Structure formats: C-alpha cells, structure tokens
Amino acid sequence: MITRQRLAAGAFALLAALTAGLGTAGPASADDDEPAQPSPKVELVLDVSGSMRARDIDGKSRMAAAKQAFNEVLDATPDEVQLGIRTLGANYHGDDRKTGCKDTELLYPVAELDRDKRTEAKTAVATLAPTGWTPIGPTLLKAADDLKDDDTERSRRIVLISDGEDTCQPLDPCEVARKIAAEGIHLTVDTLGLVPDAKTRDQLSCIAEATGGTYTSVRHTDELSGRVKQLVDRAADPVATPVAAKGAAQCTDAPQLKAGVYTDREKFGEHRWYRVDVKPGQELRASVSVGADRAVNQDYGVLLRASTVHGREIVRGSEAGDGRTDVISTGLRYPKPEEDDEETDEGGPAPETVCLQVSNSFSAPSSVKTTPGLPVELAVDLVDAPDEASDVASFGLGNGWWLLGALILTGFIAGLVWGWVSRWRFAVWRTN
C-alpha cells in the first residue's frame, strides 16, 4: 500500500510539473491593427449520376457514403467558413445528351452556417438520388461563378467528389480548370475519386493540378469524410501559396530556397536536391510531404536529409508507409550556433549552405504510369536558433531532456534495487 501511495504521489508530482511547464508558454498576442481576413468560401460539388448507385463502399452505395460524409462535414464546418453545395447529374433522367449536360444545380447557396442552416443543408442532401449524366466541365464553370465576388483577397475552394469521368465532351474539364486558374481569383479545386478507374483518376488529377489543388482516391466512407473535413479546415486557415521549384540531381545545381512552401514532382525512387543558406544563430526547419496520387505498391518510405556542400550528413528525417495513406511526410531541424569570428564582406555573419535531399522509395505496379512524378510539397523555415548550441532541440526534446534523463536513471536504479531484493528473498527462501 505504501509503495502504491508513493507511486501515485510521484505521478501526481510529475503531472503537476508538466502542467506548470506548459503553463509558462503564454498565448501569442495578435496585432489588433491587422485587418481581419475575409471569410473563405467553399463549395462542395457532388456527382449524383447514375453510377453512384454502385454498392462498393463498405457494403453500401457510393451515394449513401457521400450523404453520410456530407452530414459529418456539415456538423464540423467552422463558423467562419461560407459553405455551399452544388450537384451534377441529379435531376435529368432522360437520354438527351444536350439536356443532360446542363444538369447542374446549386443545391444550397454559399453562406455561413448556423444551426438552422446546417439542418437545411442536411435535408437538401438527404433528398438526392443517383440519376443522370456527369457534366463535370459545365458544373465547374457554374461553381466558379458561385464563389466569385469583389473581394480579391478571399480564399476560395471547390471540393469535387465524383466516381466517373466527364460525359459532356468536347468541353474538357481540364481546360475548364486551367481557365479558372488563369482568372486569378484565388480558387483551388480539390478532387476526390470514389473507387476510381484509371481514366477517372487521370481526369480528376488533371483538374486538381491545373488549380494547385490535390487529388485523393477514396474507397471507404471514413476516408471520404475525413478528407473533405481536412480540405474545409484548410480553407479556414490562411496558408502560404506554394511556389514551384525544380530540384536538381546534385547539390551544386540545386535551386536556392528561402523560407516558404515549394512544390515539385519526383519520379519513383528519385533523389532531388535543394539548397538553403542558414546563418549563425538560425535554426533550419524543413518538412516534406509526398503524395501517392495513383496506385502504388505497399512498403515505401520518404527521406529528408540535410548535409554540407561537401557531403557530410548533418541530420535526417525519414518515415515509412504501407499503402494505408495517400500522403507520407517527414521533417528535420538543424540549429546553427553563433560564430563570432565569421563575417562576410558586408559585415554580417557568413551563412552555411545546407543541401536538402528529398528521396522516396515508392514503386508502382506495371499497369500504372510513373510519369509525371509524384507530387512533392517542401516547407522551409528559418527561425532563431536555441541560445545554447548544445540545446537538445535538435533531438526534438526541447527543454524536457532533464526529465527524460531523470526518468531513465530512476528506472535503472529501481531495476537494480528490485533485482537485489528479489535475489535476497530467494536466498532466504532457500536457506529456510
């Protein structure tokens, strides 16, 4: 009993110490003079064509999975997001192609959602039944018009959910997406393919790439709702617009990057190099995400490695996957200590050129095209380095290293004592 009381007291003290440590970090103060960002607009575009009757998502129809996902997303939509819903192929039952290709409807107008409006939107979605054609191109044009207004700084996003390719050619959805991107209205189109075939995947990927969006293949209900929630939340949070950067085959030819977010394409099993100048007193923080935008083999990995221009490794980050996710990420941190004796001709501290290597071990079945390469997003940040060069931030432990060391030492001593007591008790038992 005494031992249990001591353990409980120790655990309580440890919890109190951790709570006190976390409490010292006060909230960041916002600049009151900074103008408020306009509320983002998001329109969910749902394919309600006849093929949505197929029952191949968790034992139920694609339409039922989409309705369930929409209900969950409507409940989770942030208050500051203006959300709307548009359908395609939901009303026309006939065979006339010209009429079927005009079948798109604004099911719920783009607006901020209160409790009553969320209920209205759910009711509207519940009435949908798989019906007709798949006019993706015309629907994207209408959706872009739904989101337009005079505020040029507003974030706009279309989330397109479809299970088939467009049936209203020659109006190519990829060309429509490129036209939308060229208008410069800050509109991104993200696409999700429900149990997609190769043609559907190619078309939806093309639409997303044209506007800087993402494509996701979906085969389960929870994947659909989780991804749509993520995209809506992303619209609510201001994010940096990624800049295209083409990595090189070696560090000497690599592009020079500053703090920011960059996009690239990397072939299966390829290595790509980038360069970042890190000044004394700065810490380099970098992370990379590689998307599996097509069917890939299981068991793969992503490596982000920082080295000197002479090839000596400084630090690395790696992560492995097994085919259960469409994105895999890893990151690293490298603090550069202050050096008083190094100065440039301008009188400032001499920076160190750090080579960043991005590698992947993805592979694909023989039936899958390997070009273009996989989408890569590389985030680079330069912040003030720790005061001490020996700070264990490079180990990812922050200032908690002493606590971890104390726990390890305590466990080691407790193990020795317990072993000695056990041997003593065993010796006494044998003697008696």
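Which residues of helix 6 (residues 173-182) are buried? In this predicted model, they are Pro173, Cys174, Val176, Ala177 and Ile180. Because these residues cover an arc of only 160° around the axis, they lie on the same side of helix 6. Lys179 and Ala182, on the other side of helix 6, are exposed.

**Surroundings of helix 6**

After helix 6 comes Gly184, which has a positive phi, near 65°.

**Helix pairs**

Two packed helices are described by the angle between their axes and the distance between the axes. For helix 5 and helix 6, the angle is about 20° and the axes are 8 Å apart. Angles under 35 degrees count as roughly parallel, and helix 5 and helix 6 are therefore roughly parallel to each other. Helix 5 passes helix 6 in a right-handed crossing. On the side of helix 5, the contact is formed by Ile136, Gly137, Leu140, Leu141 and Ala144; helix 6 contributes Pro173, Val176 and Ile180.

A second pair consists of helix 2 (residues 62-76) and helix 8 (residues 221-236), whose axes come within 9 Å and cross at roughly 35°. The crossing of helix 2 and helix 8 is likewise right-handed. From helix 2, the residues involved are Ala65, Ala66, Gln68, Ala69, Glu72, Val73 and Ala76. They meet Thr221, Leu224, Ser225, Val228, Lys229, Val232 and Asp233 of helix 8.

Leaving aside residues up to four places away in sequence, Ser205 touches Thr191, Tyr215 and Asp293.

Ser359 is located in strand 15 (residues 352-360). With a relative accessible area of 5%, Ser359 is buried. The side chains of Ser359 and Gln357 make a polar contact at 2.9 Å. Residues up to four places away in sequence again being excluded, Ser359 touches Glu266, Glu270, His271, Gly301, Val302 and Leu303.

**Backbone features in loops**

Which value of phi does Asp58 have? Its phi is near 55°, a positive value in a residue other than glycine. Asp58 is situated in the loop between strand 1 (41-47) and helix 2. Its relative accessible area is 44%, and Asp58 is accordingly partly exposed.

Asp299 also has a positive phi in a residue other than glycine, near 65°. This aspartate is found in the loop between strand 11 (282-291) and strand 12 (300-307). At 59% relative accessibility, Asp299 counts as exposed.

A further backbone feature is the peptide bond from Thr371 to Pro372, which is cis, with omega near -5°. Pro372 lies in the loop between strand 15 and strand 16 (374-384).

The accessibility of the individual residues discussed above is collected here.

| Residue | Relative accessible area | Class |
|---|---|---|
| Ser359 | 5% | buried |
| Asp58 | 44% | partly exposed |
| Asp299 | 59% | exposed |

**The chain as a whole**

The chain has 9 helices and 16 strands. Of its 432 residues, 41% count as buried. Among the contacts in the chain with a separation of 6 or more, 75% are between residues 24 or more positions apart.

Conventions
Residues numbered from 1 in each chain as written. Predicted model: local features only at pLDDT ≥ 70, side-chain atom pairs only at ≥ 80, totals over all residues. Heavy atoms only, no water. Buried < 20%, exposed > 50% of the residue type's maximum accessible area, 1.4 Å probe, protein only. Helix = DSSP H or I, 4+ residues; strand = E, 2+ residues; numbered from the N terminus. Arc of directions from axis to C-beta. Axes fitted to C-alpha atoms, helices over the stretch in contact; angles between N-to-C directions. Parallel < 35°, antiparallel > 145°, perpendicular 65-115°, else oblique. Left-handed = near helix turned anticlockwise from the far one by under 90°. Contact = heavy atoms within 4.5 Å. Polar contact = N/O pair within 3.5 Å; in protein donor to acceptor, adjacent residues only side chain to side chain.
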